[in-house]
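User: Hello! I am new to this structure and would like to learn about its charged residues. Could you walk me through them?

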Amino acid sequence: MKSFAEIGIEKNILTAIKELGFENPMPVQEKVIPQLLSDEGNDVVALAQTGTGKTAAFGLPLLQRVDTTNKKTQHVVISPTRELCVQIADDIKSYSKYEKGIKVVAVFGGASIEHQIKSIKRGAHIISATPGRLLDLINRRVIDLRHIQTVVLDEADEMLNMGFREDLENILSDTPKEKQTLLFSATMPREVKRIADKFMTNAIEFTIGKKNAGAENVSHICYSVHARDRYLALKRIVDFNPDIYGIVFCRTRLETQDVAAKLMNDGYNADAIHGDLSQPQRDVVMGKFRTKHITLLVATDVAARGIDINDLTHVINYNLPDELEIYTHRSGRTGRAGKSGTSIIISNLKEKRKISTIEKKIGKKIENKSVPLGKEICRVQLLHMIDRMEKTNVDATEIDEFLPEINKKLEWLDRDELIKKFVSVEFNRFSDYYRNTADLNKPTDDRKSRREERSRGGSNEGFTRFFLNLGAMDKLSPVDIIGMVNDLTGVRDIQIGEIDIKKTFSFFEVDSEFKDQLLDTFNQAEHKGRKINLEISDKAPTKRSRSSRSDRRRSNGDKPRFKSGRNSSRNSRGSSNKPERKRRRK
Ligand code: AMP
């Protein structure tokens, strides 16, 4: 292995990175740095995951190639998110601690453009930018890339995923032909390849680790539960890992908010980050997460991009992404900088195929585990508490003063009883909660887990309960409701929960993800000439309705849940009860 000096890094930069703890180059640095420092350096395509040291791989040589006698912008680094863009600029600044006169500026959307324009006018040898803002500044003629020497595209696959293809093409067509281009990407989908082919010449391709592989030191675990038990499973996983510091990935903003709210309500240090938050709000949440005041960050994929935290212990896939490629990005958020990490999937029982596709993609086995039982969780928590107690520093001077009084008060307890009492102060919370809780791994025994859920009120996990102004008097059957859900939303594959038809109205549960779609479409429709009214029901099911449900379940072959599928919708389409879609008023 060569040293940083041997691959050409100068003394001042060496001093700065030594202070940062960089002893030897990481593989991506060993490969990329010499390419950037040689006169006839080729374009480079580097397949590298986050956490492999790629910022320094391009940052160190870029710094070294800055000509401070020239005020013009010489190198530009383009990355997908504000967080990453700022991180890159900060990292490069820290490498240049002992270099005089080098100006590095970050420009990104969602912040004052005037302020950024002023910074650029003061001089910007290296610009770290997000695509949209960079293009804006080029169009305003604040940034001129016609004399640029190097363009770095960082997390190229993420940029394309986020829809920046056109912006990137516009930016790149504004750069000189003889520049050097570096493209870093964790994966190499066709879109990225197309950009590389179009804008790069004779590129050398480096692969750091396996192509499209998950990070080496990440282990993958899958817990299979009913969709409605996802949240309960999440809680158990978190409780089973008392030192967890991780990101919980959700599919939608709504789900993100919902899961974070529940976690906070249940006393976890959690918060959400998603697209609806303003930049200052995001900054506050991220600040708390960085300082570990929040240990669980519930996030959408887009919002989590560019989060650069190296010591996450876990990534939890609360719901798998639609594009399995994204799983690689999610799991790559843990196991960084030589640390080990765990990527957890909470899957429902129908996602087996997805899991094996992911296994093929990451080239690793995903271990199937049973959701920890209440008793197992209690044991882990108890031992963790004892461990913490053992390691707690005791300020003897403060306590000594009160010791005689304490001793006197506790003298009637023997050692074991004393330990039990102290431990119970903290531990009762867990043992109370987990006493008599269900085994989430048994698909048929769903009653207890429902009871757990119900004890918090509301509908089943992941489902929204609706009130519908049609009932038995309208000759409404469960099949009609399933058909309405399918036909009105136009989605065939919606999970439908319990259906409870009363005389003049009904209740039914539908996968919360489709909540808004349902409200929107139902409330514009009619049923046999009668206007449909659908509302979210905040009422927990009554005892009577619960028993009527179980009766119905039995008459349905004891299936706890309806799955709206083609057959059922065909039934409803064939029936005369088909609702009509009302025309939207213009
Ligand atoms: P990156 O992939 O650029 O996000 O880097 C991941 C982490 O590795 C960052 O915290 C860097 O500070 C750290 N790092 C980068 N290069 C080295 C090195 N040669 N030795 C030790 N740590 C490094």
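**Charged residues, inside and out**

Analyst: Gladly! Let us start with K118, which lies in helix α5 (residues 113-121); helices are DSSP runs of H or I with at least four residues, strands are runs of E with at least two, and both are numbered from the N terminus. This is a predicted model, in which local features need pLDDT of at least 70 and side-chain atom pairs count only at pLDDT 80 or more, while totals for chains, interfaces and linings use all residues. Residues are numbered from 1 along each chain as its sequence is written, and side-chain values use heavy atoms, leaving out hydrogens and water.

User: Is K118 buried or exposed?

Analyst: Buried means under 20% relative accessible area, exposed over 50%, and partly exposed in between, using a 1.4 Å probe and protein chains only. K118 has a relative accessible area of 55%, so K118 is exposed.

User: How many salt bridges does a search of the whole structure find?

Analyst: A salt bridge here is a side-chain nitrogen of Lys or Arg within 4 Å of a carboxyl oxygen of Asp or Glu. Searching the whole structure gives a total of 24.

User: How far apart in sequence are the parts that R82 and D283 tie together?

Analyst: The side chains of R82 and D283 meet in a salt bridge, at 3.1 Å from N to O. R82 lies in helix α4 (residues 82-95) and D283 in helix α12 (residues 279-290), so the pair ties together parts whose separation in sequence is 201 residues.

User: Which residue forms a salt bridge with R330?

Analyst: In this pair, the closest N and O atoms are 2.7 Å apart. R330 lies in helix α14 (residues 325-331) and the partner in helix α13 (residues 301-304), so the pair ties together parts that are 29 residues apart in sequence. R330 counts as buried because its relative accessibility is 1%.

User: Are K502 and D500 buried or exposed?

Analyst: The side chains of K502 and D500 meet in a salt bridge, at 3.5 Å from N to O. As for their accessibility, both K502 and D500 are buried.
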